Amino acid sequence: AMRARTLLPAISAHVGELPERLRESTFVRFDYLPLPPIHYSELDGEVWCHRYYLRALTDTSRFPDWVIDEPVDLLQSVLELWRKESSKKVETFDIRSSLGSLDLLATLEDQLRQEQPDVTNVSDAALLSAVDAEILKRAYRTIARKHHPDKNPADGGERFMRAQRAYEQLMHRCTTERGDASVSEASAATRRALGLGADVARVQLVIATQVILYSRSSEVLAPFRYAGYSMVMTTLKVLASDPEFFESGALELTHQLCK
């Protein structure tokens, strides 16, 4: 269903009339253009680990008796994910820097000043409201033509990666957080997309998965020494000051896991 609703239309829009043009102009050299990253709204807040989507796995109301194959491997993968999540460094989302990485900042500022001549300083919220998915895709494609590593292997890699990161950040803001340029009020899903340190929702899924593992596969896991105690303490230290952590139920899950 996600392929039909999201993937196939994105590929069709990206390819466009290229098949017909190839048949008509067999000797023309066409530029390589990578497909912009595709966002699946159905997977917002989801976490893929080992061979499972953790949000689905931990939904005991829908899947109360989900049989977990290879519980040891899943536990190891979950602990590694937990370690990476808790060690994330907080980044500040700067909309001007992101727009600059896509060569859009000056154009959008000029456009907004022309629309509102009495405005001296263009606000971040105004910049965000002036951006839409099509503008971002066009800017991404333009930069990809010049700086994709396949086109410019010498020095294009770093420039292209900055543009790709900016594209993903801005696209997520446009689709989920439009009108609010402040990261302090961003949701857990947005903080994950923007790389803003440990994500409460992801940590909660990681802990909930371990609770389920030990409740359903305790005999299999019993011979192994639990390797996550240090992560329990790290998580408590990192997130204890975050009200969302307590409100999310992650604290109660941590208590269950310790027991």
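Some ground rules come first. The model is predicted, with local features needing pLDDT of at least 70 and side-chain atom pairs counting only at pLDDT 80 or more, while totals for chains, interfaces and linings use all residues. Residues are numbered from 1 along each chain as its sequence is written, and side-chain values rest on heavy atoms, with hydrogens and water left out.

The protein chain has 259 residues, and its secondary structure amounts to 15 helices and 2 strands (DSSP runs numbered from the N terminus: H or I of at least four residues for helices, E of at least two for strands). Some 37% of the residues count as buried (buried is under 20% relative accessible area, exposed over 50%, partly exposed in between, with a 1.4 Å probe and protein chains only). As for contacts (heavy atoms within 4.5 Å), consider those in the protein chain with a separation of 6 or more: residues 24 or more positions apart account for 68% of them. The exposed surface comes to about 15100 Å², of which carbon and sulfur atoms supply 52% (Shrake-Rupley method, 1.4 Å probe; for residues, only the protein chains shown count as cover).

On to the inside. The largest nonpolar core holds 27 residues (a core being a set of buried Ala, Val, Leu, Ile, Met, Phe, Trp, Tyr and Cys residues joined through side-chain atoms within 4.5 Å). L99, L102, L104, L127 and L136 have the most contacts inside this core. Two or more residues each come from α5 (95-101), α6 (105-115), α7 (124-129), α8 (133-147) and α9 (156-176), and α9 gives the largest share, with 7 residues. Setting aside neighbours within four places in sequence, L136 is in contact with L102, L104, V131, Y167, L170, M171 and C174. Another core, of 22 residues, lies apart from the largest one and includes I68, L205, V206 and I212.

Then there is the second largest pocket, with about 380 Å³ of space. Pockets were found on a 1 Å grid over the protein atoms alone: a pocket is an open set of points with protein on both sides within 12 Å along at least five of seven lines, and lining residues have an atom within 4 Å of a point. Grid points are joined across faces, edges and corners, and the volume is the space filled by probe spheres set on the points. Of the 13 lining residues, H14, V15, L18, D31 and L33 are the closest to the pocket centre. At least two lining residues each come from α1 (2-15), α2 (18-24) and α8, with α1 giving the largest share, 3 residues. By class, the lining has 6 nonpolar, 2 polar and 5 charged residues (Ala, Val, Leu, Ile, Met, Phe, Trp, Tyr, Cys and Pro are nonpolar, Asp, Glu, Lys and Arg charged, the others, Gly among them, polar).

H50, in the loop between β1 (48-49) and β2 (52-53), has phi near 60°, a positive value in a residue other than glycine. H50 is partly exposed, at 27% relative accessible area. D103, in the loop between α5 and α6, also has phi near 60°, and D103 is exposed, at 52%. In helix α9 sits Q164, which is buried at 19% and touches P37 and Y140, not counting residues up to four places away in sequence.

Conventions: On a 1 Å grid over the protein atoms alone, a cavity is a set of points where a 1.4 Å probe fits but cannot get out, and a pocket is an open set with protein on both sides within 12 Å along at least five of seven lines; lining residues have an atom within 4 Å of a point.
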